[in-house]
Amino acid sequence: MSLGYGVVQLDVTIVNTALSSIGAALGGGVVELQWVVSCYTIAFAAFILSAGALGDRIGAKRVFMAGFALFTAASLGCALAANATILIAARCVQGVAAAILVPNSLALLSHAYHEDKARSRAVAIWAAGASLALTAGPLVGGALITLFGWRSIFLVNLPIGLTGLWLTLRVAHETTALLERKVDLPGQTAATVALGALAGALIEGGALGWDHPLVTALFLVAALAGVLFVWREARASQPMLPLSLFCHRMFALTALVGLMVNVAFYGLIFVLSLYLQEVNGLSPFATGLAFAPMLAAVLPANLLAPHLAERLGAPAAIAIGAGLSALGCLAMLNIAPTTSYVALCGQMIVIGTGLGLLVPPLTATLLASVEKARSGIAAGVLNATRQTGSVLGVALFGSLIGKSSAFVEGTHASLVISAFVLLAAAGAVLWGGATPRAAG
């Protein structure tokens, strides 16, 4: 199960080190590179809730193995892509497979360990494996690209996928199929269209202009699909996203904060990856090394976060993490074409530390805001909102740096927006923690 979650997280960050190499090999500019990153997270965010319901309906082991097989095949398709269009399509399939793997890996873990203590240890190992993959992604990606070229970052998923399939077949036990559990296909369709159209509008707006008819049409489609999604979820007998969850003040706020934090963090990783390679001229391997301290800071901060939350309260711990990351963004505003990596490293570590401090109490607060019977769907909502934030961050910040003549100005704007979003998230969670939760 750790391999299943880990390979998903690996592909969240490993591709960023290959952006410059992919652009040089397949052609295209920032817009195409945005789609290479965003189509994965769009599919991941859009399908994760339905994938969990599908595992409940026909068995998590069966669905998990199908997801692993699909992810492995899609990775091979990415490696063999002859042009950017094929690569983007294969990345979409990867994203769907990632959405299948994450909730069903957790369901199989929960099924395998019946005692709370053993289950908690298993989940900790599962999460640690994902954190390790997330941290190692840029470094491993940079090394593979230097030695074997950019296609190797996708080929490395093949032995992981085959090993994962073999282990699952041997040791995992199937969960009980709940045939009464339905998949909300109309809601799924509306969510996919809304998220895809919104990301498309933000991505293409930077290249075509915000008043271009296509951009305007995409914004209108996103708004209409979003309204239809809410209408459907309010009336469905088994909704993909139970709107009643948002009656809980802290649930709604923590889901919003998760989205806002990922807008800032993953949007900046995209921008800084291109900055380090296109402006500073670093190699893919050097870029991977450059991100290693930032991402490595996340794990020790994760371990410190529960103690900080116990001492100060979860809302305060979340706000401190968000505020720390915001300060790191503001301290980086002196970035220029001649700025060295050494001058940026400290700020990047501060941003990573802030993220590490806020995620554990954010997750715990969201899960504590609902009854235990709904913890699975609550965790799925947090994953979906955070991945949606990643999509929006890459789309928005990529549009700001879309023109090479305005790259540094776009980077400055991205840092200011990130700091504002993070400070707003800190303020929102402090306000929510200081105000009695709504009943229900």
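**Around the largest cavity**

H1, H3, H11 and H16 each give at least two residues to the lining of the largest cavity. Helices here (H or I, at least four residues), like strands (E, at least two), are DSSP runs numbered from the N terminus. The model is predicted, so local features need pLDDT of at least 70 and side-chain atom pairs count only at pLDDT 80 or more, while totals for chains, interfaces and linings use all residues. Residues are numbered from 1 along each chain as its sequence is written, and side-chain values use heavy atoms, with hydrogens and water left out.

What is a cavity here? On a 1 Å grid over the protein atoms alone, a cavity is a set of points where a 1.4 Å probe fits but cannot get out. A pocket, by contrast, is an open set with protein on both sides within 12 Å along at least five of seven lines. Lining residues have an atom within 4 Å of a point. Grid points are joined across faces, edges and corners, and a volume is the space filled by probe spheres set on the points.

By this rule there are 3 cavities of 30 Å³ or more. The largest has a volume of about 90 Å³. Its lining includes Asp 11, Asn 16, Tyr 40, Thr 41, Arg 91, Tyr 266 and Ser 390. By class, the lining holds 7 nonpolar, 3 polar and 2 charged residues. The classes are simple: Ala, Val, Leu, Ile, Met, Phe, Trp, Tyr, Cys and Pro count as nonpolar, Asp, Glu, Lys and Arg as charged, and the others, Gly among them, as polar.

Take Ser 390 from that lining. Ser 390 sits in helix H16. Is Ser 390 buried or exposed? Its relative accessibility is 4%, so Ser 390 counts as buried. Buried means under 20% relative accessible area, exposed over 50%, and partly exposed in between (1.4 Å probe, protein chains only). Ser 390 and Tyr 266 lie 124 residues apart in sequence, yet their C-alpha atoms are 5.4 Å apart. Apart from neighbours within four places in sequence, Ser 390 is in contact (heavy atoms within 4.5 Å) with Thr 41, Asn 262, Val 263 and Tyr 266.

Now follow Asp 11 and Arg 91, which are also in the cavity lining. Both take part in the contact between H1 and H5. Helix H1 covers residues 2-13 and helix H5 residues 84-112. They pack at an angle of about 140°, with axes 9 Å apart. Axes are lines fitted to C-alpha atoms, for helices over the stretch in contact, and angles run from 0 to 180 degrees between N-to-C directions. H1 passes H5 in a left-handed crossing. That term applies if the near helix is turned anticlockwise from the far one by less than a right angle; clockwise makes a crossing right-handed. H1 brings Gly 4, Tyr 5, Val 7, Val 8 and Asp 11 to the contact. From H5 come Arg 91, Gln 94, Ala 98, Leu 101, Val 102 and Ser 105. By class, this contact has 6 nonpolar, 3 polar and 2 charged residues.

Gln 94 leads on to Ser 75, which it touches. Ser 75 lies in helix H4 (residues 60-79). With 0% relative accessibility, Ser 75 counts as buried. Beyond four places in sequence, Ser 75 also touches Phe 154, Asn 157 and Leu 158.

Next comes helix H2 (residues 19-26), where 6 of the 8 residues are buried, so H2 is largely enclosed by the rest of the structure. The buried residues are Leu 19, Ser 20, Ser 21, Ile 22, Gly 23 and Leu 26. Just after H2, Gly 27 has a positive phi of about 80°.

Turn to the second largest pocket, with a volume of about 610 Å³. It is lined by 23 residues, and the closest to its centre are Phe 229, Leu 241, Leu 259, Thr 385 and Thr 388. H16 gives the largest share of this lining, 5 residues. The lining has 20 nonpolar, 3 polar and no charged residues.

One last stop is Asn 280, in the loop between H11 and helix H12 (284-296). At 23% relative accessibility, Asn 280 is partly exposed.
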